[in-house]
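Work through the following exercises with the sequence and the model at hand. Each task is followed by a solution in steps.

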Amino acid sequence: MRAARLHRFGESPVIEEIALPSRGTGESLVRIEAAAVSHLDVTIASGTFAVIPTLPHIGGTDGVGEVLESDEFAMGTKVLIRGGGIGLKRDGCWAEYAVVGDSALTAVDDRLEPSVAATFLVPCTTGYVAVNDITAIAPGERVLVSGAAGAVGSIASQFAMRAGAANVTGIVSTGSKAQRLPAGVQPIVGSAEAVTSQLNSLRKFDVLIDTVGGPNLPSLLERVTPGGRAALVGYTHGSNVTLHLPNFLMSDVKILPVNMIRRAKEQAALAPLMSEMIIAGELVSPVQEFPLTEISEALEALGSGQLTGRAVLVPNALPTHR
């Protein structure tokens, strides 16, 4: 089978032909249909994560596939692969096949497209929690979403509109990303300086949902009305932020972290609702597919912030010749 294997930390995986793995007691053999490419996967591959895998290593902590051999699941069952050390302590989903502990498998609705099924859980539940629990957006409020074309940003924008927001404004870096925003989201396009200039001409917002972090976050916080709320989800644009405390304290804006690690049970409980909403067309979870052979391109797009939605590896897809 083909697999994307990491041989040195900090380098790109290599596509190789390796033997099909054999399952043991309490394990299932799964044919991978789609595998997510996430920032966690990148951190693991850097060798700087708390859990350091043994090399060579197949990455990919999340995937979806079809059960081929199992004592627990019927042959042909579509399953979500997540947990059980997959992509961490043991080989992951960036391959055509994987042997997975049965405890790391969950049956998923086969009406979901594999690429969506492999990636919807984290962004959908995170966006839902950010809007409905963390910031508790109320009807009539004005909402600003940074990274609004990304996976979490897109979902948060959709849930903000469903919550009755009077206006949802989405910050994106390019015109092409603006065209992919959920219907009804008002785009602001450009670099940090251009975004700040455009925001200064608008009324302040009641809620900020920031999915990117970085040095522009303080200027976004300034565009939140006194007494407003800011939910912080990610830091793809930078992990360090400097605040001018006198001005920040005067602004009286609540900074609220969105920590889904502490909400694992809530996340699992929300999964069926998110799945049903996607199937019914009430929620769109954007993905960008890459063939397994283009793992390097997927990682580059993830690192540069050029993705629209979640990056997904599709083992049997043909090369795109980008």
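Buried means under 20% relative accessible area, exposed over 50%, and partly exposed in between (1.4 Å probe, protein chains only). The model is predicted: local features need pLDDT of at least 70, side-chain atom pairs count only at pLDDT 80 or more, and totals for chains, interfaces and linings use all residues. Residues are numbered from 1 along each chain as its sequence is written, and side-chain values use heavy atoms, with hydrogens and water left out.

**Exercise 1.** Determine whether Arg-263 is buried, partly exposed or exposed, and find its salt-bridge partner.

Solution. Step 1: the relative accessible area of Arg-263 is 22%, so this residue is partly exposed. Step 2: a salt bridge requires a side-chain nitrogen of Lys or Arg within 4 Å of a carboxyl oxygen of Asp or Glu. Step 3: Arg-263 meets Glu-266 in such a bridge, at 2.8 Å from N to O.

**Exercise 2.** Identify the strands that the salt bridge between Arg-82 and Asp-62 links.

Solution. Step 1: the closest N and O atoms of the two residues are 2.5 Å apart. Step 2: Arg-82 lies in strand S6 (residues 78-82) and Asp-62 in strand S5, 20 residues apart; strands are DSSP runs (E, at least two residues), numbered from the N terminus. Step 3: Asp-62 is buried because its relative accessibility is 12%, while Arg-82, at 33%, is partly exposed.

**Exercise 3.** State the strand order of the open sheet of 6 strands and name its edges.

Solution. Step 1: the order is S11-S10-S9-S12-S13-S14, with parallel pairing; two strands pair if DSSP finds at least two bridges between them. Step 2: the edge strands, S11 (186-189) and S14 (254-257), each pair on one side only.

Conventions
Helix = DSSP H or I, 4+ residues; strand = E, 2+ residues; numbered from the N terminus.
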